[in-house]
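Please look at the sequence and the model together before reading on.

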Amino acid sequence: MTERKPPSVPFESWVDHQIGAAQRRGAFDRLQGTGEPLPAGLESGYDEMWWVKRKMAREGLAVLPPALALRKEAEDALAAAYAAPSERAVREIIAAVNVKIKDMMFRPPPGPPLGKKPYDVDEVVGEWRRRREAS
């Protein structure tokens, strides 16, 4: 713990004295990040949620409104269905995502509209067959 600032010493002089003493002790030697560029994003100003955003990025998380999250999930499910190994798997994937789409259609959450309708399972299976035959 540092000693208290004497009342007769100006604050700036006291801080300069403390920094100089720390430099002489080597307290600033080999600090993490020494000589590296500053992290990106500093030019955008202060953000209260910087630590939340950094943690989410580090852990690969994203927060989307429910409708946008389901839209992304539906697109991923369609891609997974086209890559599925069997017709049964295609039907299961599409049926599962259709349940979620129908649920959101009848009970819309706050936020932007879903903009999706349930997939036609037979149409997806037909496209799956065409893609499978082509490859």
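Predicted model: local features only at pLDDT ≥ 70, side-chain atom pairs only at ≥ 80, totals over all residues.

A residue is called buried when its relative accessible area is under 20%, and exposed when that area is over 50%.

**Helix α4**

By that cut-off, the buried residues of α4 are Ala89, Val90, Ile94, Val97, Asn98, Ile101 and Met104. They lie on the same side of α4, because the arc that they cover around the axis is only 160°. The face turned away from this buried side carries exposed residues, namely Arg88, Val99 and Phe106. As for what lies against the buried residues of α4, they pack against α3 and α5.

**Helix α3**

In α3, the buried residues are Ala67, Leu70, Ala74, Ala77, Leu78 and Ala81. These residues cover an arc of only 100° around the axis, and therefore sit on the same side of α3.

| Helix | Residues | First to last C-alpha | Expected span |
|---|---|---|---|
| α3 | 17 residues | 24 Å | 24 Å |
| α4 | 20 residues | 29 Å | 28 Å |

In α3 the reach is close to the expected value, and in α4 the reach is likewise close to the expected value.

Not counting residues up to four places away in sequence, Ala67 touches Met104, Pro109, Pro112, Pro113 and Leu114. Of these, Met104 is also one of the buried residues of α4. Ala67 and Pro112 are 45 residues apart in sequence, yet their C-alpha atoms are 6.5 Å apart in space.

**How α3 meets α5**

Two packed helices are described by the angle between their axes and the distance between the axes. For α3 (residues 66-82) and α5 (residues 121-134), the axes come within 9 Å and cross at roughly 45°. That angle makes α3 oblique to α5. On the α3 side the contact is made by Leu78, Ala81 and Tyr82, and on the α5 side by Val124, Glu127, Trp128 and Arg131. Sorted by kind, the residues of this contact divide into 5 nonpolar, no polar and 2 charged.

Methods
Residues numbered from 1 in each chain as written. Heavy atoms only, no water. Axes fitted to C-alpha atoms, helices over the stretch in contact; angles between N-to-C directions. Helix = DSSP H or I, 4+ residues; strand = E, 2+ residues; numbered from the N terminus. Parallel < 35°, antiparallel > 145°, perpendicular 65-115°, else oblique. Contact = heavy atoms within 4.5 Å. Nonpolar A, V, L, I, M, F, W, Y, C, P; charged D, E, K, R; others polar. Expected span 1.5 Å × (residues − 1). Buried < 20%, exposed > 50% of the residue type's maximum accessible area, 1.4 Å probe, protein only. Arc of directions from axis to C-beta.
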